[in-house]
Amino acid sequence: MRFLSLRWKLLLILFSVSAILSIASSYYFQHQLLLQFEQTRKEAQIKHAKQINGLISMNVERVRQLAATLPTFINMNHGLMKYDSPAFYRYFESFWSSFQIDMGVDNAKLYAPDGHVIATWGDEVHNNLSSHQGSWQSESWKKNWETILNKEVSNGLIECADTCSIYAFAPILQKGEVAGAFSIGASLADAVLSFKKTSNADLAIVFASDSSNIQNPLWGMRVAAASSPELLIPLITQVANVYSFSALSKKPVRYSDADNVYEISLVKLDTPHWTGNMQLIVIENIADDLAVVEKNSKQVMIFAMVAAVLILALLYVLLSIPLKRLRRIASSIPLLGQGAFQALRSNIKLHPHRLKDEVDILDQSAIDLSYKLESLEHEVIEKNLSLNNLFNEVSKEKDFATKLLNQAEAIIATTSIDGRILSINQFGVTLTGKNTGDLMYSDLPKSEFSALKGKLTEVASSKLYSYAHKTVLIASDQTSRNISWGHTCLQDDIKGEAILLSVGMDITEQTKSQEVIHHLANYDVLTNLPNRRLLIDRLKHALSASNRSGQHGALLFIDLDNFKSINDTLGHKVGDVLLQEVSKRLISCIREGDTVSRIGSDEFIVVLENLSTKAVESAAQVERIVRKIQQKLNLPFQLQTHSYQNSISVGICLFNELDKDTEELLKQVDIAINQAKRNGNNSICFYDPQMQERLTAYVTLERELNQAITAKQFVLYYQIQVDTAGTPLGAEVLIRWQHPKRGMVSPYEFIPIAEETGLIVPIGKWVLDSACAQLKVWKKSAKTKHLTLSVNVSAQQFLQDNFVAQVASAVKKNAIDPMLLKLELTESMLVNELDKTIATMHALQKIGIKFSLDDFGTGYSSLQYLKRLPIDQLKIDQSFVHEITNNISDQAIVRTIIAMTHTLNLNVIAEGVETEEQRQLLLDNGCYCYQGYLFGRPLPIDAFEARLKECLTR
């Protein structure tokens with residue numbers, strides 16, 4: 001095949017593949033046809049078995065019914081006739097011919113009770129009535145005879161002797177006793193012929209025979225009946241000579257005779273008849289079916305071959321043109337090497353059409369390659385010209401580089417291993433004052449120069465590709481200069497010694513800049529104290545030292561009290577001066593080796609080391625140092641023209657365990673300073689683990705509170721407000737937190753945290769919107785449309801710039817009467833930003849909102865701001881109501897508050913009313929509105945509305 005062209009190789013391969021595929025497909029389809037034929041034969045055998053069993057069962061049933069009815073018929077007409085008399089024989093003989101023809105039976109027999117044949121009719125030979133024609137010959141026949149006599153009608157019996165007939169027996173009764181038996185018999189020939197007609201197959205019935213005169217017996221049997229005896233008997237005889245009966249019993253066999261192919265199979269009777277040794281053989285000529293299968297197989301083979309030829313022809317047609325084009329391309333490719341680009345393009349012509357195949361792409365690629373090579377040829381010519389120009393330019397640049405080397409601001413020298421200068425540029429001569437032959441590193445200490453010489457030796461021996469280091473060099477002007485050196489090996493000189501290229505950069509200014517940057521990164525600009533970064537580094541060292549020595553250390557967090565007021569009143573410049581003075585005094589108070597750092601605006605942290613090994617003694621040492629610092633910083637400061645006396649809060653944390661990292665210590669000391677601030681100005685507080693637990697609980701609750709807002713875990717409870725008659729006036733809205741794990745959380749636990757973290761603002765907005773939505777619901781009923789709702793508002797929420805807009809939007813969105821919405825403010829809100837509070841209240845009053853002053857009397861009660869505030873109602877705090885019945889002071893306070901409200905023309909309501917005595921005292925003193933457990937506990941809306949319904953229906 002190596003001498004064939006590519007086209008013929010492809011064609012041979014395609015022909016081989018097509019031939020293999022056609023042969024494989026033809027064999028596959030032939031196999032499928034044979035499988036289908038075999039399946040059809042199995043179905044035909046099953047069908048034959050069903051037909052034969054059906055025909056025989058039908059004949060058996062017919063004969064059995066005839067046997068059952070015949071004695072009855074005779075008894076009905078001839079009840080006085082004896083069965084063994086000549087009269088009975090003549091009577092039955094007279095209508096036997098018509099009975100035989102009409103009923104389709106072949107013979108009949110009359111038996112005595114002992115089994116002897118009395119008379120026979122039909123095919124059986126008889127002369128006259130005799131006392132016996134035969135008797136049972138064996139015990140088995142005797143048993144069957146007893147069975148027949150004990151039944152009304154026996155099962156059908158098939159007896160195969162010289163003939164194959166169906167027999168049915170019936171006992172003959174005379175005066176209730178068995179006087180004999182009657183049998184009816186019919187040949188199976190009808191069933192055989194019926195099977196032939198319905199199935200187009202032949203049926204032969206054979207039975208065992210002990211006759212000694214049978215020539216060439218069929219497996220020791222003989223044919224009793226056959227649909228076509230002249231054909232079947234010789235055929236079965238031939239088959240018996242080829243196949244054993246056991247082989248025929250296992251599966252059907254096929255026998256070929258001349259042009260015929262016979263399928264021979266045994267059929268087993270399904271009916272439980274006594275059949276003796278009878279066998280049913282089905283014989284069917286399947287030559288025509290096999291011919292059809294063979295014809296179909298030949299057609300499949302011819303079709304596969306024709307398809308293979310057509311496919312091969314089609315492939316030849318499809319491939320001939322592309323292969324010719326490929327040959328043209330292959331013959332044109334050598335033109336590229338000859339530079340005949342135009343000739344190649346003329347040989348390969350592109351065909352302008354939309355669909356392009358691989359050969360078109362190859363054509364295009366060859367043409368593109370010709371253009372590319374042609375372009376490269378031009379570029380090579382141009383490059384040669386440019387290289388000549390470049391050589392000239394390089395020569396010029398060499399001269400320029402020599403000049404530039406001498407003017408470069410770097411020491412560029414060639415040296416020997418011991419540092420002797422072999423050559424040096426002009427900048428190096430000017431900076432170092434050294435020239436060829438001098439030692440470059442003469443200023444280095446002897447030990448340092450020995451180490452350097454060892455490294456330079458390694459570079460010269462190529463153990464190191466290069467070596468970099470820094471040295472201090474005394475310049476020609478006798479100043480110290482920081483030089484960064486880099487050394488590489490150039491070559492050996494004539495003497496065989498290595499030459500090193502040494503380049504030195506003057507990094508003096510850069511080093512100074514790095515020192516400044518390092519200082520700025522680690523020290524506070526204002527106080528020049530270590531900042532947080534350097535503090536953490538020193539704290540790590542202190543922890544390690546404490547762990548090794550066993551001595552305690554301490555962390556002090558110092559915070560200036562009220563530092564913000566200095567910046568606000570005297571300005572930030574004065575505040576900066578104070579911080580600088582504080583840092584100086586702090587440094588004067590600590591020991592050498594301790595660290596003072598500034599980490600925030602007015603926050604300082606001091607690290608004390610080398611304290612006692614005992615915690616108690618260490619705490620005492622720290623306390624003495626802190627008292628000293630406190631005393632020093634409490635002295636007056638002269639801040640420019642101002643004199644200022646300061647106080648500090650100090651948080652303290654001891655340490656001597658390495659397992660506590662810096663972040664943990666800083667967190668502990670931060671907890672301590674926060675506690676110190678809570679204790680008041682000029683306080684000192686040591687870290688307590690319980691502080692950490694409280695802080696952790698606080699942080700956890702804060703996080704869960706954020707989640708509660710998102711997950712909408714809050715619910716509103718309503719506590720009823722009534723007048724003197726117990727008639728509902730409205731309710732106060734109280735928020736509850738339905739925690740998924742903790743259950744119902746009291747507002748006393750989460751409201752303070754919400755106020756500290758600012759979460760009270762979104763919570764308060766949700767309460768306000770929910771209250772307005774509830775008023776909208778109550779508006780729909782005549783019984784509840786007059787009810788008011790009191791909503792508590794925090795200072796943060798109330799002082800928001802858009803709070804008035806929020807309230808107005810909620811009122812407008814729910815279309816409620818704004819006079820039914822009452823905002824409850826606490827007295828503590830009035831201490832700070834009183835003017836802004838009053839302005840907001842007036843703006844809300846214009847909308848129609850009412851105000852109630854909550855917890856009156858417990859805060860900064862002042863008639864001055866009461867006169868200025870647009871208050872509609874005062875609420876007497878429950879702390880006064882609780883002991884009003886037995887506390888004279890509480891009674892006096894309540895009377896004063898009530899009298900003041902009457903004077904100022906304000907409404908008054910008392911909260912926390914729990915007993916009838918309390919309500920009566922309040923009523924006697926002029927308080928006509930109440931709220932408390934006496935009238936109802938805070939309830940969810942469903943329970944509250946049920947309670948409300950009870951009150952309104954009284």
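Tutor: Let us begin with a term: a contact means heavy atoms within 4.5 Å. This is a predicted model, where local features need pLDDT of at least 70, side-chain atom pairs count only at pLDDT 80 or more, and totals for chains, interfaces and linings use all residues. Residues are numbered from 1 along each chain as its sequence is written, and side-chain values use heavy atoms, with hydrogens and water left out.

Student: Among contacts between residues at least 6 apart in sequence, what share joins residues at least 24 apart?

Tutor: In the protein chain, that share is 58%.

Student: How many residues count as buried, as a percentage?

Tutor: Buried means under 20% relative accessible area, exposed over 50%, and partly exposed in between (1.4 Å probe, protein chains only). Here 40% of the 954 residues are buried.

Student: Which residues of helix H29 are buried?

Tutor: Helices (H or I, at least four residues) and strands (E, at least two) are DSSP runs, numbered from the N terminus. In H29, residues 916–924, the buried ones are Gln918, Arg919 and Leu922.

Student: Why do they line one face of the helix?

Tutor: The arc is that of the directions from the helix axis to the C-beta atoms. Seen down the axis of H29, the buried residues fall within an arc of 100°, so they line one face. On the other side, Glu917 and Asp924 are exposed.

Student: What covers the buried residues of H29?

Tutor: The cover includes helices H27 (878–882) and H28 (888–903), with strands S30 (907–911) and S31 (930–931).
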